[in-house]
Amino acid sequence: MADCIFCKIVNGEIPAVKVYEDERVLAFMDINPLNDGHTLVIPKKHAETIFEIDPEDLAAAIKVAQKVANAIKKALNPDGLTIIQLNKKAAGQVVPHLHIHLVPRWENDGLKVSRWEPVPGDMEKIKEIGEKIKAAV
Ligand code: AMP
Ligand code: ZN
């Protein structure tokens, strides 16, 4: 896609610190890292979100996410790893080319991206919504 910054990286039109590449998938370093080692995994073929991506490309991307996660573990020895994938502006997506964030974590690193306070929901409402989704699958 002509105007897409990640397609430009795939096509070599703008530089990136690439760490892995195959026919379908590219992994490169995020230039605004949340922590040392923050890496992005993308399908080479443009797809904006999880709603449109070819399932084969998605499967390839998640397999590469595991491969790179293990490489991060070997290279940086983090205490944990947060995986983030945002879809659409309402979810905070900024670059409209699907990407999986791999964010290495260290105990007490202070990042506010992983935990939320559990607040029990209304079980009737949860069941009702679950039925709607089940019927749509
Ligand atoms: P998101 O909010 O999930 O769309 O995140 C987009 C991510 O892409 C951000 O973490 C940016 O720092 C990152 N990013 C944007 N442009 C580039 C670039 N040229 N090279 C590497 N990472 C980038
Ligand atoms: Zn793109």
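This passage describes the fold of a predicted protein model and the site of its ligand.

In this predicted model, local features need pLDDT of at least 70 and side-chain atom pairs count only at pLDDT 80 or more, while totals for chains, interfaces and linings use all residues. Residues are numbered from 1 along each chain as its sequence is written, chains are lettered from A and ligands numbered from 1 in the order in which they are written, and side-chain values use heavy atoms, with hydrogens and water left out.

The protein has three helices and five strands. These are DSSP runs, numbered from the N terminus: helices are H or I with at least four residues, strands are E with at least two. From the N terminus the order is α-β-β-β-α-β-β-α. The C-alpha trace spans about 50 × 40 × 25 Å along its principal axes.

Ligand 1 is surrounded by 16 residues, each with a heavy atom within 4 Å. The closest are Asp30, Asn32, Val94, His99 and His101. By class, the shell holds 10 nonpolar, five polar and one charged residues. Here Ala, Val, Leu, Ile, Met, Phe, Trp, Tyr, Cys and Pro count as nonpolar, Asp, Glu, Lys and Arg as charged, and the others, Gly among them, as polar.

On its own, ligand 1 has 500 Å² of accessible area (Shrake-Rupley method, 1.4 Å probe). The protein covers 85% of that area. Helix H1 (5-10) and strand S2 (25-29) are the elements that give two or more residues to the shell. H1 provides the largest share, three residues.

Ligand 1 takes up the space of the largest pocket, with more than half of its atoms within 2 Å of the grid points. A pocket is an open set of points on a 1 Å grid over the protein atoms alone, where a 1.4 Å probe fits, with protein on both sides within 12 Å along at least five of seven lines; lining residues have an atom within 4 Å of a point. The pocket contains about 520 Å³ of space, taken as that filled by probe spheres set on the points. Its lining counts 24 residues, with Phe6, Asp30, Asn32, Leu40 and His101 nearest the centre.
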